Amino acid sequence: MPQIPMAAEGPLLTLDDLSIVFSSPDEADIVAVRQVDLTLRRGKTLALVGESGCGKSVTARAILRILDKSAAIPSGQIIFSPDDAEPVDIATLNPDSIAMRTIRGNRISMIFQEPMSSLSPVHTIGDQIDEMIILHERVTPKQARERTIALLDQVGIPGPRERADAYPFQLSGGLRQRAMIAMALSCNPDLLIADEPTTALDVTTQAQILDLLRQLQDDYGMAMLFITHDLGVVAEIADDVAVMYLGDVVEQGDVFDVFATPQHPYTRALMSSIPKMQRKAERERLQPIQGTVPSPKDRPQGCSFSSRCPVAFEPCAKVRPDPTRTGKQHRTRCHLIERELKPGEVIV
Amino acid sequence: MNDLIRVENLSKSFTLRRGLVGGLISLDALKDINLAVRPGETLAIVGESGCGKTTLGRCIVKAMTPNTGKVLYTPENGETIDLVGLKKRQMKPWRRDIRMIFQDPMSSLNPYMRVFDIVAEPLRIHKIAKGRELEDRVATALEKVGIDPAAGQRFPHAFSGGQRQRIGIARALVLDPRLVIADEAVSALDVSIQAQILNLLEDLKDDFGLTYIFISHDLGVVNYISDRVAVMYLGNIVELADTETLFERPRHPYTEVLLEALPIADPKRRAGKRTEARGEIPYIGNRPKGCPFHTRCRFAQDRCRNDRPELRKIDATEVACHFAETIELRGAYDSAPRPHISQKVSP
């Protein structure tokens, strides 16, 4: 097992002031992600959590530069600092350049929600993983296959030598996701991006895949960017968490901190929207957030959450709050944090 | 008080052709299901994909006809009717009483129909109202679910996922049903919208005196909304108890596995490595002999591999496990970190 020493200092990946804009010929530009700062520590897991349309997947795709042609990164940096190479700003690379292609799939790899649609249906899983290894490394097909079999074994696929010759449709959803993970790990990546990897799976299979990812992270020492909408999964797997709403990271910090003392009204609202595991007598009615997420076109001018925020006050609709430090490593974009409370005033 | 629905010895199998020249094979989707739905309760049916929960719901509304068994329905007049034997025309009056809400609000609403017509269609089919009265009833139903009746002339695509789910609920409610079967009705929704719909379902239940069969794979939601829970595995009910009993003291090893696998939104309760959920659900055409769960059960003995356990009563729980009295299983309400279950324990 390659134990990667934590030689280099500082974070593995830093997103600094990153914005992503989608343009179309007959509509105004849509800012899908605006001024996002994120830090991925080496060997740690950052969970990016939010509801559909908040920009979490777009952010992840920007890191690999696999965004749609209509998307652009008008501002910001994506600094990737692997252990044994110079830091590079991914945001400035040409998506099709050799430099980007040596990173994509090799140093940074990705697994997706639906393994059926992200694996080729007409190639065996062994061939697909072999291809990945041969593409990035100088090995013979035979050596590649041996490594594929070792990888399949490591991700817990029974009978890996035979299963390497199976087509994706011959595997169950859980096994397919395992094959997908094996492929992502085939080049010992420094960073694994997992985009809702367990959402399509049953709970018991989900628990197994989360176990596997934790185990592999210990073995390989890779960092993980874990995208999910499920706060339960975040609590299970993350070291750090960033909560996104309508293209903004509204709150980020250590997972224990954020769950113990959520600062942003959106984070709190999300948490009170999930049923707690309680007995009938202790049960409280859920407190959902009113209304629905507006489209990025109708994003409020100030804080993006101000149109639904139960505690919004005078500056919220007009002025966009800056991230404010609300604890060690804990930052929140909310005017309430900056405001001093009047005597006797209570914020619910 | 009479049960609203009694399912007796219900079995349903599907026939598949194996390959182009192969023979027919039969898959048992439901095997010998016995279940009662009491008036006014919310009965949850939980299990993983392929366990038969949706098939059971569909057999109850008679969207599918079971191979054997009865679905006994007690309408308001108190007599008992077996829905299974009814012809299409004889079934029609009871379709007013038993309604369904589906998972995917996009594919369950006709994209070419206006919302008003979607909600009005059941009233028209059953010739219950027309003209002004029809309009009023549709408007009331839409208002009840939080949709502005003025938006009735729009098409489903103009609404968000949560709003579409509300329209689906309005369509179910417009006939004043007695039983609503909600099949994964909140699974496709974002958490904040899911909470709105759960609250709505609860309010409607109180307002209309409804009974729910709530089919779901999400035990957190089930614990929140249901009064009783039936756990299904490979076409069998393996455990049936009231919600608190089941979550406090599960009796079937599969129930424990499900509870353990549920991620809890509290990092302090992080489970660490878990190994209970070994293996995967077998293919339903390949149902293990004996107890269907024995291939993944940490307590499995020779007896489990040979005899199929029947559902039997222990205290307040019905459970299908040979060793239900002797095994100690962990519930879900402990707030302590969930420790790692040690290796195989013999009962």
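In the predicted model, the C-alpha centres of domain 1 and domain 2 of chain A are separated by 25 Å. Domain 1 of chain A is formed by two stretches, 13-124 and 174-245, while domain 2 of chain A covers 262-338. Contact between these parts involves 10 residues of domain 1 of chain A and 12 residues of domain 2 of chain A. On the domain 1 side, strand 2 (27-40) and strand 9 (240-245) of chain A each contribute at least two of the residues that touch domain 2 of chain A. Of the elements on this side, strand 2 of chain A gives the most, with five residues. The class composition of the side of domain 1 of chain A that touches domain 2 of chain A is seven nonpolar, one polar and two charged residues.

Chain A also meets chain B. Here 38 residues of chain A are in contact with 35 residues of chain B. Four helices of chain A each supply at least two residues of the side that touches chain B, namely helix 8 (203-220), helix 9 (231-237), helix 10 (255-260) and helix 11 (265-273). Helix 8 of chain A accounts for the largest share of that side, eight residues. Sorted by class, the side of chain A that touches chain B holds 17 nonpolar, 11 polar and 10 charged residues.

Strand pairing in chain A was examined next for strand 12. Strand 12 (residues 330-333) of chain A runs antiparallel to strand 10 (residues 248-254) of chain A, and two bridges join them. In this region, A:Gln252 has A:Arg331 of strand 12 as its bridge partner. Strand 12 of chain A also pairs with strand 11 (residues 323-327) of chain A, again in the antiparallel sense, over four bridges. Within chain A, A:Gly327 stands opposite A:His330 of strand 12. Strand 11 and strand 12 of chain A form a hairpin with two residues between the strands, in which A:Gln329 adopts a positive phi near 65 degrees.

For chain B, an unreviewed UniProt entry places the feature "domain: ABC transporter" at residues 5-259. In the model, this span of chain B is 36% helix and 27% strand. The end C-alpha atoms of residues 5-259 of chain B lie 28 Å apart.

How values were computed
Residues are numbered from 1 along each chain as its sequence is written. Chains are lettered from A and ligands numbered from 1 in the order in which they are written. This is a predicted model: local features need pLDDT of at least 70, side-chain atom pairs count only at pLDDT 80 or more; totals for chains, interfaces and linings use all residues. Domain bounds come from an automatic or database domain assignment. Two residues are in contact if their C-beta atoms, placed from the backbone, lie within 7 Å. Ala, Val, Leu, Ile, Met, Phe, Trp, Tyr, Cys and Pro count as nonpolar, Asp, Glu, Lys and Arg as charged, and the others, Gly among them, as polar. Two strands pair if DSSP finds at least two bridges between them. UniProt positions are given in the numbering used here, feature names are shortened, and annotations may be inferred rather than shown by experiment.
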